[in-house]
Amino acid sequence: MARTAKTKTKPSLANLTPPPRKKRPESLTSREQEILELIWAGFKNKEIGQRLKISVKTVEAHKANAMRKLGLTGRIDIVKYAILQGWLDNA
């Protein structure tokens, strides 16, 4: 039986794919943090807007962005998040 020599071929750089990147969690902006803290303190969106001198739509946008980043779905989740962050001691 004749043996054939197996030659190892080096992988082509064109065929290599980089490993998947792990998505870093997005961090909250200071304004998003501030909005969540005011919600935790019991303020409504309109009151937050008046207090910060921004529109209610802007408050809602910051709140939505923060909730998306944190994977929260409602005000109850914000309260849970606040408790886990230790905001209860600051209230």
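Student: Which helices do the buried residues of helix 2 pack against?

Tutor: Packing is read from contacts (heavy atoms within 4.5 Å). Here the buried residues of helix 2 pack against helix 1 (30–40), helix 3 (56–70) and helix 4 (75–85). This is a predicted model, in which local features need pLDDT of at least 70 and side-chain atom pairs count only at pLDDT 80 or more, while totals for chains, interfaces and linings use all residues. Residues are numbered from 1 along each chain as its sequence is written, and side-chain values use heavy atoms, with hydrogens and water left out.

Student: Which residues of helix 2 are buried?

Tutor: Buried means under 20% relative accessible area, exposed over 50%, and partly exposed in between (1.4 Å probe, protein chains only). Helices are DSSP runs (H or I, at least four residues), numbered from the N terminus. In helix 2, residues 45–52, the buried ones are N45, I48, G49 and L52. Seen down the helix axis, they fall within an arc of 100 degrees (taken from the directions from the axis to the C-beta atoms), so they line one face. The face turned away from that buried side carries exposed K46, Q50 and R51.

Student: How many salt bridges does a search of the whole structure find?

Tutor: Side chains of opposite charge can pair when their charged atoms come close. The criterion is a side-chain nitrogen of Lys or Arg within 4 Å of a carboxyl oxygen of Asp or Glu. The search finds two. E34 pairs with R31, their closest N and O atoms being 3.0 Å apart; both lie in helix 1, three residues apart. E32 and K69 meet at 2.9 Å, N to O, and this pair links helix 1 to helix 3, 37 residues apart.

How values were computed
Helix = DSSP H or I, 4+ residues; strand = E, 2+ residues; numbered from the N terminus.
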